[in-house]
Every structure is written in structure tokens, then in C-alpha cells.
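This report describes a single structure, shown below.

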Amino acid sequence: MTQQADALKKRTKQFALDVIRFVRTLPDTDEGRAIGRQLLRSGPGVASNYRSACRSRSRAEFVARIGVTLEEADESALWFEILTEAGINRARDAFRLLQESDELSAIFAASSITAKTAIARAEGR
């Protein structure tokens, strides 16, 4: 495992922990609980799916798993956008986690493109 991959594993784990802590601060309303449940799936899903991608046995498997990781990061960003734009939670942490979701999405999108390009190159396309 490269130092970059190890650092990203730590970063995604920290994101998962931060999301869990943040969900605890949401209001005890129907929308707070519903969005909290969604965040409890997508936020930690970023870390678990990235760890899975790191264990891929092939480039194709890596591309597939990184794609799922990207989906989870993007979904997390959506829920943070909804929380802040609907005024359910406009705490500094909500905006910080939204920014982290966006940054992780960008990292995984770039990683997916790089891996797909490597596969195409190896296949002579």
C-alpha cells in the first residue's frame, strides 16, 4: 500500500467518524432522523468502500469499487447540501463536512478516470 493510499484510508475513516458525531447533533425531528439515517449509511460507506477498493484483485475490480466509493461521497454531499439549504442544520461542521464530501468526491472521480485510462491503455485502446 502506498503512503498516499494509507493517508486516504485514514482521511476517509476520519470522515466516517466525523459524520457519526455530526449525526448525533441533528434535531430529533422527522427530517433530522431521516437525513441522519441516510448520512449514517453514506458517510461511513465512503471509508468502507475505499478500504474494499484498496483490496481489489484487478484494475477492473478497483474501478468498480472506487465507483461505489465515489457514489457514497457524492450522496453524503447531497445530504449535507439539503441539511444546510433547508436550514435544518447550518452549523460550521455541516459546511466543513460538505466541503470534505466534495473533496473526497473529486479525489475518487480522478482516481476512477486514471484507473479507467490505465485499463484502456493496457488493452491497446
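Helix α4 has 31 residues, and its first and last C-alpha atoms lie 45 Å apart, close to the 45 Å expected at 1.5 Å a residue. Just after α4, Gly124 adopts a positive phi of about 80 degrees.

The model is predicted. Its mean pLDDT is 96, with 98% of residues reaching 70 or more.

## Helix α2

Helix α2 covers residues 30-54; its 25 residues should span 36 Å at 1.5 Å a residue, and the end C-alpha atoms are 37 Å apart, which agrees.

Gly45 is itself one of the buried residues of α2. Others in that list include Gly32, Gly36 and Gly43, along with Ile35, Leu39, Val46 and Tyr50. The cover over the buried residues of α2 includes α1 (3-23), α3 (59-85) and α4.

## The nonpolar core

The largest nonpolar core has 23 residues, of which Phe15, Phe22, Leu39, Phe80, Leu83, Leu104 and Phe108 touch the most other members. Helices α1, α2, α3 and α4 each supply at least two residues of this core. In soluble globular proteins, nonpolar side chains tend to be buried together.

## Phe108 and the pair with Tyr50

Two aromatic pairs are found in a search of the whole structure. In the pair of Tyr50 and Phe108, the ring centres are 5.4 Å apart and the planes meet at 40 degrees, so the pair is tilted. Tyr50 belongs to helix α2 and Phe108 to helix α4, so the pair ties together parts that are 58 residues apart in sequence.

Both partners are buried: Tyr50 has a relative accessible area of 6%, and Phe108 has a relative accessibility of 1%. Leaving aside residues up to four places away in sequence, Phe108 touches Leu8, Thr12, Val46, Tyr50, Ile66, Thr69 and Leu70.

## Ser101

Ser101 is placed in helix α4, which runs over residues 92-122. Is this serine, Ser101, buried or exposed? Ser101 is buried, because its relative accessible area of 0% falls under the 20% cut-off.

Apart from residues up to four places away in sequence, Ser101 touches Phe15, Ala73, Ser76, Ala77 and Phe80. Two of these contacts, Phe15 and Phe80, are among the core residues that touch the most other members.

Technical notes: Residues numbered from 1 in each chain as written. Heavy atoms only, no water. Helix = DSSP H or I, 4+ residues; strand = E, 2+ residues; numbered from the N terminus. Buried < 20%, exposed > 50% of the residue type's maximum accessible area, 1.4 Å probe, protein only. Contact = heavy atoms within 4.5 Å. Expected span 1.5 Å × (residues − 1). pLDDT = per-residue confidence, 0-100. Core = buried A, V, L, I, M, F, W, Y, C linked by side-chain atoms within 4.5 Å. Phe/Tyr/Trp six-rings, centres within 6.5 Å; stacked < 30°, edge-to-face > 60°.
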